[in-house]
Amino acid sequence: MPGKNVADLLIDVLAQAGVTRIYGVPGDSLNGVTDAIRRQNKIQWVHVRHEETAAFAAGAEAHLTGKLAVCAGSCGPGNLHLINGLYDCQRSRVPVLALAAQIPSNEIGSGYFQETHPDYLFGQCSHYCELISQASQMPRVLEIGIQTALSERGVSVISLPGDVALREAVEHGPRLHFPEPSPNVCPSEKELETLAAILNRAENITILGGAGCAGAHEELIALARKLQAPIVHALRGKEFIEYDNPFDVGMTGLLGYSSGYHAMMTCEVLLMIGTDFPYQQFFPKDATIIQIDIRGQQLGRRTKVDFGFVGDTKTTLRALVPKLRQNQSEAHLKNSLEHYSKARKDLDKLATGQSGEKPIHSQYVVRVLDKFAAQDAIFTCDVGTPTIWTARYLTMNGRRRIVGSFNHGSMANALLHAIGAQASHPGRQVVSLSGDGGLAMMLGDLLTLRQHDLPVKVIVLKNDSLAFVELEMKAAGILDFGTDLHNPDFAKMAEAAGLLGLRAETSDEVEPMLQQALKHNGPALVEVLVSRQELSMPPTITFEEAKGFSLFMLKAVLNGRSDEIVDLAEINLFR
Ligand SMILES: Cc1cc2nc3c(=O)[nH]c(=O)nc-3n(C[C@H](O)[C@H](O)[C@H](O)COP(=O)(O)OP(=O)(O)OC[C@H]3O[C@@H](n4cnc5c(N)ncnc54)[C@H](O)[C@@H]3O)c2cc1C
Ligand SMILES: Cc1ncc(C[n+]2csc(CCOP(=O)(O)OP(=O)(O)O)c2C)c(N)n1
Ligand SMILES: [Mg+2]
């Protein structure tokens with residue numbers, strides 16, 4: 001009986017590290033690895049139709065579990081297809097290991113068939129990227145890759161030539177046998193005193209929280225209570241911050257609520273916690289800005305910061321809150337909450353559907369979805385208008401989750417993320433909120449839902465356009481061009497692919513069809529014929545002002561229907 005080869009050892013080490021599936025597409029150079037997977041029973045091979053899907057699926061799994069997820073591609077074009085998804089994983093800071101098979105090791109450097117250099121190609125979207133050129137490097141290089149992905153929270157790439165994968169292994173098992181470290185990181189006592197002193201002096205404080213507040217809900221609320229501070233969130237923080245939160249005043253940014261914008265712009269001290277909110281224009285100019293982040297390199301990246309502290313949210317807030325006095329001034333919080341309540345009502349008014357109404361409003365679709373989706377549903381949303389509706393109309397509760405391509409901003413992510421979400425969470429309801437452009441871009445992987453019996457519910461907002469880009473073109477004052485989509489009947493295509501396929505043409509069809517799809521015991525697709533959003537000039541904008549329209553857009557906040565922007569005068573009044 002032959003001993004283990006390098007590929008067997010690789011799979012053993014991954015299994016030992018807790019990996020239970022690998023997403024990918026096979027190929028000659030990957031044969032050693034897929035054969036090693038076939039011969040064991042700890043790791044499942046999830047065969048997708050495009051390697052980009054494999055990387056996004058692994059990214060969603062890593063986001064939802066916090067643990068290492070793995071994808072694989074064969075040499076040259078096979079692993080090149082991973083790249084966009086890996087950028088997304090790297091930008092979302094999720095631990096993903098990519099196996100990039102390489103051409104035969106004796107051909108490297110000759111311009112051989114399918115030759116690329118993964119160690120250069122993936123350098124920019126990974127923290128660690130190495131070629132294994134001899135058997136004795138396994139498992140050390142793999143383990144460094146795993147450790148780096150976990151500790152840096154990002155991507156590692158292992159490039160493995162097909163022939164090296166088949167060589168006899170030198171070592172015979174994993175070398176590392178310890179659980180993932182989870183240190184508490186806290187600013188020093190002196191820094192905490194400084195932080196407390198600034199906060200104790202101020203009355204109008206606003207908190208901007210992000211994804212780095214995950215797992216620290218209780219501490220964040222306790223902080224806001226002491227400071228009487230409204231909490232604004234950045235989009236990736238929505239799932240961790242918005243629920244059970246009496247201090248919530250919504251999101252900021254172009255897709256945000258005017259109340260989020262207002263609370264940030266009118267504060268005296270802005271306290272940023274675990275956020276990398278990227279849009280400079282939405283930060284106040286005159287406020288004192290404090291930032292707390294676990295990564296020192298994030299401090300001051302997006303705006304001028306007066307005080308920066310390195311710490312994890314939970315540990316830092318636990319140490320900080322007892323040092324704070326109770327803020328007696330409620331005015332800032334009260335104003336912000338009132339503003340939020342009005343903004344919320346205005347948004348809710350737009351989420352309606354009349355019987356027989358055509359086309360349907362996307363807001364209504366997502367509101368209905370919010371109502372009928374499971375309390376622990378996992379939602380994925382495409383970059384495009386589905387991101388707007390997700391941010392505004394999906395209610396979080398601490399158990400629901402959201403996955404999106406929010407930092408990298410790649411189209412077509414929702415279906416691919418949903419595949420990883422469902423594969424790693426078999427009992428959970430997974431809903432992909434897809435654009436018609438996004439779905440078409442990666443349509444082939446609709447087939448994966450049937451092949452792997454993943455009961456994902458795909459809701460397609462069919463507006464026959466790349467609507468978000470159309471909106472951006474109009475905002476920039478240029479005529480929209482190249483945004484039309486001539487779409488097929490997605491419901492029929494879904495049926496042909498073995499999914500339940502439904503098509504809602506009028507508002508009254510939305511509720512029964514979404515309910516039917518959500519209850520369906522298998523994958524389902526509902527295409528909903530929604531309005532193509534029109535961005536009209538606010539009536540008070542003159543031609544001269546319109547020249548600076550895009551600047552104005554950046555300073556303003558889109559109103560709920562995203563067909564108008566909140567009037568400039570109104571924004572000024574808020575200041
Ligand atoms: C079409 C489109 C439109 C968008 N519009 C908006 C918009 O209007 N508004 C908006 O907010 N976003 C918007 N986004 C998303 C935006 O691009 C960013 O992805 C988002 O704002 C970042 O959210 P975040 O700061 O919560 O997360 P991240 O960017 O992930 O930042 C998290 C930060 O927390 C830190 N951190 C991690 N763990 C910890 C810890 N334990 N303790 C302390 N710190 C920690 C990290 O180092 C990082 O700095 C849009 C995206 C798309 C695709
Ligand atoms: C891979 C990629 N290509 C292009 C873009 C630019 N882009 C952003 S949103 C968008 C349109 C999305 O259209 P669709 O999926 O139909 O959603 P809609 O906005 O119409 O609801 C485009 C082309 C991008 N972000 N990513
Ligand atoms: Mg569209």
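Helices are DSSP runs of H or I with at least four residues, numbered from the N terminus. The exercises below concern a predicted model.

**Exercise 1. Determine which helices each supply at least two residues of the shell around ligand 2, and describe that shell.**

Solution. 
1. The helices are α16 (385-393), α18 (436-441) and α20 (467-475).
2. The shell holds 17 residues, of which Thr385, Asp436, Gly437, Gly438 and Ala467 come nearest to ligand 2.
3. By class, the shell divides into seven nonpolar, nine polar and one charged residue.

**Exercise 2. Identify polar contacts of ligand 2 and state how much of its area the protein buries.**

Solution. 
1. A polar contact requires a pair of N or O atoms within 3.5 Å.
2. A polar side-chain atom of Asp436 is 2.7 Å from an oxygen atom of ligand 2.
3. Backbone N or O atoms also take part: one of Gly438 lies 2.8 Å from an oxygen atom of ligand 2, and one of Gly409 lies 2.9 Å from a nitrogen atom of the ligand.
4. Ligand 2 taken alone exposes 590 Å², and the protein buries 79% of that.

**Exercise 3. Characterise the surroundings of ligand 1 by residue count, class and polar contacts.**

Solution. 
1. Ligand 1 is surrounded by 32 residues, with Arg236, Thr252, Asp293, Arg295 and Asn407 the closest.
2. The shell comprises 13 nonpolar, 13 polar and six charged residues.
3. The side chain of Arg236 places an N or O atom 2.4 Å from an oxygen atom of ligand 1.
4. A polar side-chain atom of Asn407 is likewise 2.4 Å from an oxygen atom of the ligand.
5. From Asp276, a backbone N or O atom lies 2.7 Å from an oxygen atom of ligand 1.
6. The protein buries 90% of the 1000 Å² that ligand 1 exposes when taken alone.

**Exercise 4. Classify Arg344 as buried or exposed, and list its contacts.**

Solution. 
1. Arg344 belongs to helix α14 (residues 331-349).
2. Buried means under 20% relative accessible area.
3. Arg344 is therefore buried, because its relative accessible area is 15%.
4. Leaving aside residues up to four places away in sequence, Arg344 touches Tyr257, Arg367, Arg392 and Tyr393.

Technical notes:
Residues are numbered from 1 along each chain as its sequence is written. Chains are lettered from A and ligands numbered from 1 in the order in which they are written. This is a predicted model: local features need pLDDT of at least 70, side-chain atom pairs count only at pLDDT 80 or more; totals for chains, interfaces and linings use all residues. Side-chain values use heavy atoms; hydrogens and water are left out. A residue is near a molecule or strand if one of its heavy atoms lies within 4 Å of it. A polar contact is a pair of N or O atoms within 3.5 Å; within protein, one must be able to donate a hydrogen and the other to accept it, and residues adjacent in sequence count only if both atoms are side-chain atoms. Accessible areas come from the Shrake-Rupley method with a 1.4 Å probe; for residues, only the protein chains shown count as cover. Ala, Val, Leu, Ile, Met, Phe, Trp, Tyr, Cys and Pro count as nonpolar, Asp, Glu, Lys and Arg as charged, and the others, Gly among them, as polar. Buried means under 20% relative accessible area, exposed over 50%, partly exposed in between (1.4 Å probe, protein chains only). Contact means heavy atoms within 4.5 Å.
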